[in-house]
Amino acid sequence: MTTFKEYLSALVYIFFPDVCLACGGVIEQGEKTICSICKFSFPRTNFHLDNENALAQKFWGRTKVEHAIAYLFFKKAADVQSMLHYLKYKDSPEVGILIGNWYGQELLENDFHKNFDVIIPVPLHPKKLRKRGYNQSACFGEGLAEVWKIPHLEHGLEKVTNTSSQTKKSRQERYENMKAGFLVPNPEEIKDKNILIVDDVVTTGATLEACINLLLEKGAKTVSIAAIAITQI
Ligand SMILES: [Zn+2]
């Protein structure tokens with residue numbers, strides 16, 4: 001028997017259907033946030049199958065990264081770009097959690113999750129965090145941690161200075177600044193751990209490089225990275 005409440009929600013759905021935050025199409029009842037057509041057609045990198053993939057190569061000669069993986073290619077797909085725009089700028093933290101769940105599930109198949117003890121997101125500056133209300137990388141980390149049942153240390157790394165106005169500095173100067181801009185508040189939490197740093201979109205990798213080096217200096221056993229998407233190869 002259809003209850004009045006069910007009848008009402010079906011009626012609301014007719015006039016205000018949920019739309020997919022990637023393709024903008026109407027999503028089926030029972031689906032959430034992203035439609036299943038997008039889910040299956042997103043351009044996967046499959047970087048976890050190749051330890052010498054294009055993302056890992058970005059860090060060669062720069063730092064020691066154990067595994068470097070990204071779920072999707074950013075540039076090839078307008079849908080991926082739209083979805084990440086919602087995550088970052090349109091108050092949609094659920095996108096990050098959902099993508100983390102999906103990627104986490106896919107990586108379970110190869111036991112890839114067994115490489116990591118804890119997940120730590122690239123931190124946002126506190127000012128930015130207050131403005132946005134959430135850290136989009138932490139949403140992704142939360143989604144992975146849910147599936148893998150390992151700890152997610154949301155504040156394992158902290159950002160302490162704003163490094164936004166350094167466009168005129170050299171690459172080395174920018175890097176030194178960046179490194180100085182992060183802090184490990186509780187080094188005992190990360191000591192001898194295999195850490196996975198999570199980020200939303202990787203471009204140059206400079207932020208990640210700084211985070212990796214800092215965690216290694218503070219006693220991490222290995223450091224790996226996982227991003228939702230990679231922009232350039
Ligand atoms: Zn869609």
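With a relative accessibility of 70%, Lys 149 counts as exposed, because the term applies to residues over 50%. The structure in which this residue is described is a predicted model. Lys 149 is placed in the loop between helix H7 (136–148) and strand S3 (158–159). Its phi angle is near 55°, a positive value in a residue other than glycine. Asp 111 belongs to the loop between helix H5 (93–108) and strand S2 (118–121). Its relative accessibility is 38%, so Asp 111 is classed as partly exposed.

The chain as a whole may now be considered. The protein chain contains 10 helices and 6 strands. Of its 233 residues, 46% are buried. The accessible surface of the chain comes to about 12,400 Å², and carbon and sulfur atoms account for 53% of that area. Among contacts with a separation of 6 or more, 74% are between residues 24 or more positions apart.

In what order do the strands of the open sheet stand? The sheet has 4 strands in the order S1-S6-S5-S2, and their pairing is parallel. S1 and S2 each have a single partner strand and stand at the edges, so one side of each has no neighbour in the sheet. From one strand to the next, the twist averages 20°.

The pairings can be followed in detail. S1 and S6 run parallel and are joined by 5 bridges; here Leu 72 stands opposite Ala 229 in S6. Strand S1 (residues 68–73) is mostly covered, with 6 of its 6 residues buried. S6 is also joined to strand S5 (residues 194–202), by 8 bridges in a parallel arrangement, and Val 198 stands opposite Ala 226 in S6. Helix H5 packs on the sheet, where it touches S1 and S6, and its direction makes about 120° with that of S1. Helix H10 (residues 206–217) lies across S2, S5 and S6 and runs at about 170° to S5.

In soluble globular proteins, nonpolar side chains tend to be buried together. The largest nonpolar core of this model holds 68 residues, of which Ile 34, Phe 42, Met 83, Ile 197 and Leu 215 touch the most other members. Strand S6 (residues 222–230) gives the most to this core, with 7 residues. At least three residues come from each of domain 1 (1–41) and domain 2 (43–230). What does Phe 42 touch, apart from residues up to four places away in sequence? The contacts of Phe 42 are Ala 22, Ile 34, Leu 72, Asp 79, Val 80, Met 83, Ile 99 and Trp 102. One of these, Leu 72, is the residue that stands opposite Ala 229 in S6.

Finally, is Ser 137 buried or exposed? Ser 137 lies in helix H7. Its relative accessible area is 2%, so this serine is buried, since buried means under 20%. Leaving aside neighbours within four places in sequence, Ser 137 is in contact with Pro 121, Val 122, Val 198, Asp 199 and Asp 200.

Key: Residues are numbered from 1 along each chain as its sequence is written. This is a predicted model: local features need pLDDT of at least 70, side-chain atom pairs count only at pLDDT 80 or more; totals for chains, interfaces and linings use all residues. Side-chain values use heavy atoms; hydrogens and water are left out. Helices (H or I, at least four residues) and strands (E, at least two) are DSSP runs, numbered from the N terminus. Buried means under 20% relative accessible area, exposed over 50%, partly exposed in between (1.4 Å probe, protein chains only). A nonpolar core is a set of buried Ala, Val, Leu, Ile, Met, Phe, Trp, Tyr and Cys residues joined through side-chain atoms within 4.5 Å. Domain bounds come from an automatic or database domain assignment. Contact means heavy atoms within 4.5 Å. Two strands pair if DSSP finds at least two bridges between them. Accessible areas come from the Shrake-Rupley method with a 1.4 Å probe; for residues, only the protein chains shown count as cover. Axes are lines fitted to C-alpha atoms, for helices over the stretch in contact, and angles run from 0 to 180 degrees between N-to-C directions.
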